[in-house]
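Here is a brief report on a single chain. Look over the sequence and the model before reading on.

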Amino acid sequence: MSLVQWSDDLKTGVCGVDCQHKALIRMLSGLYSIAEKSQDREVVSEAASLLADFVVEHFQCEEKTMRDIVYPAYESHKKQHDEFACKVAEIVQHFDESGDNGSLTTSVQSYMVPWLIEHFTKTDKEMAGFIAGGPSGKAA
Ligand SMILES: [Fe+2]
Ligand SMILES: [Fe+2]
């Protein structure tokens with residue numbers, strides 16, 4: 001049983017966004033199980049760095065989309081991204097310095113997964129509603 005699995009409740013309905021969200025969920029579960037099982041610090045560190053890089057890449061894609069559509073809540077959405085990306089970078093750095101697998105799995109389970117699920121289902125869904133046809137989410 002993996003830490004977290006994709007479900008339709010997480011769907012925003014925007015294909016490119018959902019594809020990347022699915023990949024993030026897979027990478028988070030992968031990192032969690034690697035950190036649980038592997039004592040090889042380099043292997044864990046690489047998985048953590050790959051996830052952190054993909055988080056940034058995903059946020060940049062969404063931010064470009066929001067700028068393209070002149071999304072009114074761009075600033076507050078981007079602020080959430082910046083805070084999370086910064087925290088993830090700190091978590092990775094802490095692991096690189098400490099090699100503490102337990103602290104990493106706790107951060108993944110107690111912070112990263114809940115944050116992303118909340119962000120997908122609220123903030124990203126609001127953006128998706130706007131993409132679909134304005135603030136009400138209905139096509140004009
Ligand atoms: Fe997203
Ligand atoms: Fe987002």
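## Domain annotation

UniProt positions are given in the numbering used here, feature names are shortened, and annotations may be inferred rather than shown by experiment. The model is predicted. An unreviewed UniProt entry places the feature "domain: Hemerythrin-like" at residues 19-129. Over residues 19-129 the chain is 91% helix and 0% strand. The end C-alpha atoms of that stretch are 17 Å apart.

## Helix H1

H1 has 23 residues. From first C-alpha to last it reaches 33 Å, close to the 33 Å expected at 1.5 Å a residue.

Val17, His21, Leu24, Ile25, Leu28, Leu31, Tyr32 and Ala35 of H1 are buried. The buried residues of H1 pack against H4 and helix H2 (41-68). An α-helix has 3.6 residues a turn, so residues three or four places apart point the same way.

## H1 against H4

Helix H1 (residues 15-37) and helix H4 (residues 101-131) have axes that come within 9 Å and cross at roughly 170 degrees. Angles over 145 degrees count as roughly antiparallel, and H1 and H4 are therefore roughly antiparallel to each other.

On the H1 side, the contact residues include His21, Leu24, Leu28 and Tyr32. H4 contributes, among them, Leu104, Val108, Met112, Leu116 and Phe120. By class, this contact has 13 nonpolar, four polar and two charged residues.

## Cysteine 86

Helix H3 (residues 74-98) holds cysteine 86. Cysteine 86 counts as exposed because it has 10 C-beta neighbours inside 10 Å. Alanine 52 lies 34 residues away along the chain, and the C-alpha atoms of alanine 52 and cysteine 86 are separated by 9.4 Å.

Key:
Residues are numbered from 1 along each chain as its sequence is written. Chains are lettered from A and ligands numbered from 1 in the order in which they are written. This is a predicted model: local features need pLDDT of at least 70, side-chain atom pairs count only at pLDDT 80 or more; totals for chains, interfaces and linings use all residues. Helices (H or I, at least four residues) and strands (E, at least two) are DSSP runs, numbered from the N terminus. Axes are lines fitted to C-alpha atoms, for helices over the stretch in contact, and angles run from 0 to 180 degrees between N-to-C directions. Angles under 35 degrees count as roughly parallel, over 145 as roughly antiparallel, 65 to 115 as roughly perpendicular and the rest as oblique. Two residues are in contact if their C-beta atoms, placed from the backbone, lie within 7 Å. Ala, Val, Leu, Ile, Met, Phe, Trp, Tyr, Cys and Pro count as nonpolar, Asp, Glu, Lys and Arg as charged, and the others, Gly among them, as polar. The expected span of a helix is 1.5 Å times one less than its number of residues. A residue is buried if 20 or more other C-beta atoms lie within 10 Å of its own, exposed if 12 or fewer, and partly exposed in between; C-beta atoms are placed from the backbone.
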